[in-house]
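Biologist: I'm new to this one, could you show it to me and then walk me through a few side chains?

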Amino acid sequence: MVDRNLIREFQVDDEELNAALGGELGDWINEESEQMDRVYDETSSPFDVNEIVQGKVLSVEGDEVLVDIGYKSEGMVPLYEWADDEEQPKVGETIEVLLEEIEDDFGLVLLSKRKADRQKDWNWVVGRYDEGNTIIGMVVRKIKGGLLVNIGESLSSTGARGVNVFLPASQVDIRRPSDIGDFVGNEIECMILKIDDARKNIVVSRRRLIEEQRAEMKRKLLEELEENQIRTGVVKNIADFGAFVDLGGIDGLLHITDMSWGRINHPSEMVKIDDEIEVMILNIDREKEKIALGLKQKFPSPWENVDTKYPVGDRVTGEVVNVMTYGAFVKLEDGIEGLVHISEMSWTRRLNHPNEMVSIGQEVEVVVLGINTDKQEISLGMKQTQPNPWDNVTEKYPEGKSVNGVVRNLTNYGAFIELEEGVDGLLHVSDMSWTRKISHASEMLKKGDEIQCVVVSVDEERKRIALGLKQMGDDPWEARIPDQYQPGSIVKGNVTKITNFGVFVELEEELEGLLHVSELTGGDEEKSVEDVVNVGDEIEVKILRVDTGDRKIGLSMKLDAEIEPETASGAGGGTDASKELKGGMGDSSGPLFSMAPARTEEVAAPAEEATASAEEAPSAEEEAPAASTEESEEKPEAE
């Protein structure tokens with residue numbers, strides 16, 4: 001046979017060869033070459049790239065496996081394409097490989113067993129499953145954004161065989177787990193969401209499968225559930241307000257208030273995630289698919305017959321479990337708590353906050369004041385365990401009794417005097433002095449002063465005692481002042497105040513008289529008061545009139561002025577009210593001076609303000625702290 005390659009090597013073309021050998025030899029050579037080509041074409045089948053073909057293992061040398069696929073050249077397959085847990089290739093064994101390239105630069109055929117296996121696995125998967133079908137896979141590893149899951153005819157934990165598909169992290173479960181890596185190495189059931197044949201990608205979802213399964217379970221469960229049923233469920237989630245319990249297809253809410261008859265601060269004190277618990281069905285909303293569950297309802301309520309166990313008036317001992325601004329909650333037993341209002345804590349102390357009296361965990365003795373079984377509320381009192389200092393206060397402090405006390409607080413209308421712990425009396429400014437005009441209690445007293453005074457009146461029901469300081473001595477207006485300042489007598493005094501209607505003249509300490517403008521200028525209208533006298537001047541005046549009823553003294557600088565007869569208006573008898581007063585005692589120009597603040601218009605306003613403020617002040621029953629409303633207390637009636 002002619003070796004045409006050898007001829008080509010010497011670069012002899014057919015025409016030269018035909019000329020050298022003659023035409024017949026050339027024709028014979030050409031015919032022989034065509035015949036050999038036909039024989040080769042008949043014995044050799046066509047090969048396409050990326051096609052799976054069968055081949056025989058010729059040898060295994062080092063890291064390479066020589067495979068004959070029936071092509072004019074053998075192919076090489078790397079030995080590492082056989083997995084460690086897979087049987088290694090043997091000489092003479094027939095295997096399936098993928099033809100990657102027919103001839104490379106070295107004239108070899110490039111083959112791949114691994115790609116052939118993957119193609120066979122892919123064909124197996126897409127030939128049996130479509131989008132929406134359910135398939136079981138093995139979680140191979142955690143990757144960015146999710147998990148790699150191996151599916152196929154036989155599962156591989158390493159992903160060496162089968163098809164590796166993508167499970168997004170959001171599709172792992174209904175509630176995303178804290179670490180999706182916990183699924184690695186486990187078999188899971190998934191639903192195929194998308195198959196991309198061109199890219200050979202498959203996306204699966206475990207969540208979609210669970211949702212569909214739960215939807216069917218939910219439908220059946222809602223048909224079976226009834227109120228007051230006892231069901232077993234698994235705690236799936238815990239929040240501040242309660243826990244969600246999976247009943248097997250639908251979640252129910254176990255509210256914190258339905259967990260225990262007693263007090264709990266957080267649901268985690270009663271249940272833990274993945275706990276299996278028995279709960280009672282309290283309510284079912286089939287339209288909204290909401291279920292209310294209860295744990296405490298499985299046991300009898302401690303509020304049954306509570307009025308028998310804790311009758312009103314009984315003394316009991318309990319533990320303080322919570323302290324609020326308005327009071328403290330005291331646990332009498334598990335599930336039963338009562339409220340001690342801040343106003344029921346002490347007879348004597350004025351509390352700004354209950355923590356001044358109690359603290360959480362403290363054991364206290366209380367008295368049952370009231371029970372509301374419908375609202376499951378118990379009112380308790382602490383001060384009722386101690387004697388009330390206002391009991392029999394009328395006997396301890398009768399009217400007219402001289403008492404000692406400490407000035408506790410000062411206001412513009414009086415002073416509060418503490419007679420004993422929890423018992424205060426009000427010393428009104430009008431009861432501080434017979435003669436002195438007092439605008440504020442601080443003019444006479446200081447906080448902390450110890451004083452002696454007289455009980456003027458007692459109102460035990462309203463818990464009020466009126467005290468008097470001036471009552472410790474005689475009223476100078478009854479005898480001394482009328483005797484000492486007889487009408488017509490001439491006395492000296494100092495000008496203390498100038499007004500548009502006259503001048504006030506101090507006759508002695510805390511005693512003033514009014515020198516009316518008409519008795520000052522002598523009827524000369526062109527003269528002003530300042531033209532005649534100034535504040536601080538010592539002047540000589542005549543006593544025109546002494547009114548003991550209104551506690552007024554009329555003066556005149558006209559030493560020869562006519563003397564008015566003495567009257568006692570307001571004390572019985574008196575003068576005709578319609579008669580115009582003379583000698584500076586009354587005029588349309590302004591009010592007459594009053595020496596007694598308690599009896600004049602000048603001090604009426606403070607007293608009325610005190611009374612009005614006290615009437616608006618909240619009592620202890622109205623939850624007003626006593627200490628913050630002392631200045632709004634009403635002046636006790638002394639008459």
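**Rings and cysteines**

Modeller: This is a predicted model, and a place to begin is F244, which is partly exposed because its relative accessible area is 26%.

Biologist: And F241, what is its relative accessible area?

Modeller: For F241 the relative accessible area is 41%, and that residue is therefore partly exposed as well.

Biologist: How many aromatic pairs does the model have?

Modeller: The count comes to five aromatic pairs. One of them joins F241 and F244, whose ring centres lie 6.1 Å apart with the planes at 90°, so this pair is edge-to-face.

Biologist: How are the rings of Y413 and F416 placed?

Modeller: The centres of the Y413 and F416 rings are 6.5 Å apart and their planes stand at 85°, so they also form an edge-to-face pair.

Biologist: Is Y413 buried or exposed?

Modeller: Y413 counts as buried, because its relative accessibility is 4% and the cut-off for buried is under 20%.

Biologist: What about C190, buried or exposed?

Modeller: C190 is at 2% relative accessibility and therefore counts as buried.

Biologist: And what is the relative accessible area of C453?

Modeller: For C453 the value is 0%, so this cysteine is buried.

Conventions. Residues numbered from 1 in each chain as written. Predicted model: local features only at pLDDT ≥ 70, side-chain atom pairs only at ≥ 80, totals over all residues. Heavy atoms only, no water. Buried < 20%, exposed > 50% of the residue type's maximum accessible area, 1.4 Å probe, protein only. Phe/Tyr/Trp six-rings, centres within 6.5 Å; stacked < 30°, edge-to-face > 60°.
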